[in-house]
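Morning, everyone. One structure today, and I'll keep it short. Let me put it on the screen.

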Amino acid sequence: MAELHPDIQEILLEEQDIKDIVKRVGAEITRDYADKNPLVIAVLRGAVVFMADIMRAIKCPLSIDFMAVSSYGDGVKSSGVVRIVKDLDTKIEGRHVIIVEDVLDSGLTLSYLVRMLKSRNPASIEIAAFLVKDIEGKRPAIDPCYVGTHVPDKFVVGYGLDYAERYRNLPFVGVLKPSVYE
Ligand code: XMP
Ligand code: MG
């Protein structure tokens with residue numbers, strides 16, 4: 001068991017849980033993309049930790065690229081406004097694209113991104129979300145093809161996920177104490 005950080009209320013995923021998720025999702029992607037040489041795109045900055053792990057769990061040839069979008073600022077609620085801060089360096093026309101994301105919440109960020117990337121005519125485009133938030137009575141705006149696991153509708157940090165740029169380096173995923181941001 002990981003030691004509880006003073007700002008963390010509860011640990012949702014221990015390091016071993018994360019390892020198991022990465023292995024399973026990596027095997028699913030390997031099976032589906034064996035001869036497709038996918039371009040795996042991570043959305044900065046939250047997805048970098050999952051990207052670093054998942055790319056090594058995918059056992060077929062691939063290339064990687066990064067994008068940065070901003071929809072949250074330092075807050076905890078989706079603004080619905082998505083701004084491209086850094087675009088891809090790679091041409092995606094005719095490529096099989098996989099977008100790696102840290103957490104799918106409302107799905108607004110990714111549905112915008114997918115629409116934008118589809119206009120560049122990739123051969124296919126799918127999403128691998130490390131976490132999907134279960135929001136009562138609501139479905140996310142977009143369906144990820146690959147899901148690490150579902151988490152409750154609470155603000156989570158660690159394994160790349162931040163609050164005000166903190167906690168990304170925690171090796172586990174935990175629920176932030178509301179007292180930290182209230
Ligand atoms: P939407 O609502 O557009 O949001 O799917 C996706 C983006 O919002 C951020 N996000 C979080 N970041 N803990 C975080 O550290 C959370 O619990 C959380 N929920 C959403 C995240 O950047 C994601 O890309
Ligand atoms: Mg963030």
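Among contacts between residues at least 6 apart in sequence, what percentage join residues at least 24 apart? In this chain, 64%. Contact here means C-beta atoms, placed from the backbone, within 7 Å.

Ground rules. This is a predicted model: local features need pLDDT of at least 70, side-chain atom pairs count only at pLDDT 80 or more, and totals for chains, interfaces and linings use all residues. Residues are numbered from 1 along each chain as its sequence is written, while chains are lettered from A and ligands numbered from 1 in the order in which they are written.

The overall picture next. We have three helices and nine strands. Those are DSSP runs numbered from the N terminus: helices are H or I with at least four residues, strands are E with at least two. From the N terminus, the order reads β-α-β-α-β-β-β-α-β-β-β-β. The radius of gyration, over C-alpha atoms, is 16 Å. The globule rule, 2.2 Å times the number of residues to the power 0.38, also gives 16 Å for 182 residues, so the chain is as compact as a globular protein of that length. Along its principal axes, the C-alpha trace spans about 50 × 35 × 30 Å.

Now the sheet. Six strands make an open sheet, ordered E4-E3-E2-E5-E6-E7, with mixed pairing. Pairing requires at least two DSSP bridges between two strands. Neighbouring strands are turned by 30 degrees on average, direction ignored. Axes are lines fitted to C-alpha atoms, for helices over the stretch in contact; angles run from 0 to 180 degrees between N-to-C directions.

Look at E2 (residues 39-44) and E5 (residues 96-104). They run parallel, joined by four bridges. Isoleucine 41 stands opposite isoleucine 99 in E5. Helix H1 (residues 15-33) packs on this sheet, touching E5, E6 (124-134) and E7. The direction of H1 makes about 150 degrees with that of E7.

Last stop: phenylalanine 50, in helix H2 (residues 48-57). Why does phenylalanine 50 count as buried? Because phenylalanine 50 has 26 C-beta neighbours inside 10 Å, and the cut-off for buried is 20 or more. Exposed is 12 or fewer; partly exposed is in between. Buried residues make up 31% of the chain.

Beyond neighbours within four places in sequence, phenylalanine 50 contacts Val100, Asp102, Phe130, Tyr159 and Gly160. Valine 22 is 28 residues away in sequence, yet 7.8 Å away, C-alpha to C-alpha.

Methods: Contact = placed C-beta atoms within 7 Å.
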